[in-house]
Amino acid sequence: MYAFTYETPASVADAARLAAAGGKPMAGGQSLLPSMRLRLANPGQVIDLNNIPELAGIRLDGNALVVGAMARHMDVAASSEVKAAIPALAELASHIGDRQVRARGTLGGSVANNDPAACYPSAVLGLSATVITNRREIAADDFFVGMFTTALEEGELITAIRFPIPKRAAYLKFKQAASRFSLVGVFVAQTDSGVRVAITGAASCVFRHAGLEAALNQSFTPQSAAAVKIDTSDLNADIHASAAYRANLISVQTQRAVAQMLG
């Protein structure tokens, strides 16, 4: 690693001030530290967010579930509030990485990093969640901009994410065996405004599938999802899977998610 200074602020205000001055925020460190070890990242200052109490916690707020940015994957997976309100979110968290990753990785870190194969972005987008920062609130549809790119500005920190409680939801993930990232992950949710289908792992950024949403809003059945043709033109193709294979996974996993929700 290159040399860097290490800061441990005790408040969001202090962390934001350091970030605005050019420091790099670190949540769980699951992406940042490997990048630094490989010398793909060279921050002069690392801002550890782990000592900020206001970033932790999980609570119900009316018809929404508010999860602090520093909630660990294992905390979300084990939370009785999450299991009762949005079981699909707890299920998603329970299958992220391995036990060590779940013990360190955080919701806010994953969403801010926006890895194209990460699980949490599909839940945020599929549930039409709101990303709360130290400056504003950002709707999920406006937050994910592109590969590893979000609407966050310099010095802006995620403090929590507010998930509206859906009527029902399901997440199915076909994982890459070694990394346990998603080859394709599909989050399907029936919300007050209709069905939302969010896809991760299949393209350069998490996205909603308009065709599947339209079909499922008309008829919420596996057969309806199966009738939708999945375009391969913007899907990833790599050593793990072709674009056609990923398109098939999107269709099959959406069908299975719907069947699970109806089951």
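A residue is called buried when its relative accessible area is under 20%, exposed when that area is over 50%, and partly exposed in between (1.4 Å probe, protein chains only). The structure shown above is a predicted model, in which local features need pLDDT of at least 70, side-chain atom pairs count only at pLDDT 80 or more, and totals for chains, interfaces and linings use all residues. Residues are numbered from 1 along each chain as its sequence is written, and side-chain values use heavy atoms, with hydrogens and water left out.

The account begins with one strand. Helices (H or I, at least four residues) and strands (E, at least two) are DSSP runs, numbered from the N terminus. In strand E5 (residues 64-68), 5 of the 5 residues are buried, so the strand is largely enclosed by the rest of the structure. In a regular strand, side chains alternate between the two faces of the sheet. In E5, Ala64, Val66 and Gly68 point one way, while Leu65 and Val67 point the other way.

The partners of E5 come next. Two strands are said to pair if DSSP finds at least two bridges between them. Strand E4 (residues 58-60) is joined to E5 by 3 bridges, and these two strands run antiparallel. Within this pairing, Leu60 stands opposite Leu65 in E5. The hairpin of E4 and E5 has 3 residues between the strands, and Gly62 there takes a positive phi near 65°. E5 is also joined to E10 by 5 bridges, again in an antiparallel arrangement. Here Val67 stands opposite Ile161 in E10.

The interior may be described through its nonpolar cores. A nonpolar core is a set of buried Ala, Val, Leu, Ile, Met, Phe, Trp, Tyr and Cys residues joined through side-chain atoms within 4.5 Å. The largest has 38 residues, of which Leu89, Val111, Tyr120, Val124 and Phe163 touch the most other members. Helix H5 (residues 87-94) gives the most to this core, with 5 residues. Contact means heavy atoms within 4.5 Å. Leaving aside neighbours within four places in sequence, Leu89 is in contact with Leu65, Val76, Val82, Tyr120, Ala123 and Phe163. A second, separate core has 26 residues, including Val197, Ala202, Leu235 and Leu249.

Charged side chains form another set of links. Side chains of opposite charge can pair when their charged atoms come close. A salt bridge is counted when a side-chain nitrogen of Lys or Arg lies within 4 Å of a carboxyl oxygen of Asp or Glu. By this rule there are 10 salt bridges. One of them joins Asp61 to Arg59 (3.8 Å, N to O). Asp61 is partly exposed, with a relative accessible area of 40%, and Arg59 is partly exposed at 48%.

Another salt bridge joins Arg135 to Glu153 (3.3 Å, N to O). Arg135 lies in the loop between strand E6 (130-133) and strand E7 (137-139), and Glu153 in the loop between strand E9 (149-150) and strand E10 (158-164), so the pair ties together parts that are 18 residues apart in sequence. Arg135 and Glu153 also belong to a network of salt bridges that links them with Arg136 and Glu156.

A further salt bridge is formed by Asp238 and Arg246 (3.1 Å, N to O). Asp238 counts as partly exposed at 39% relative accessibility, whereas Arg246, at 3%, counts as buried.
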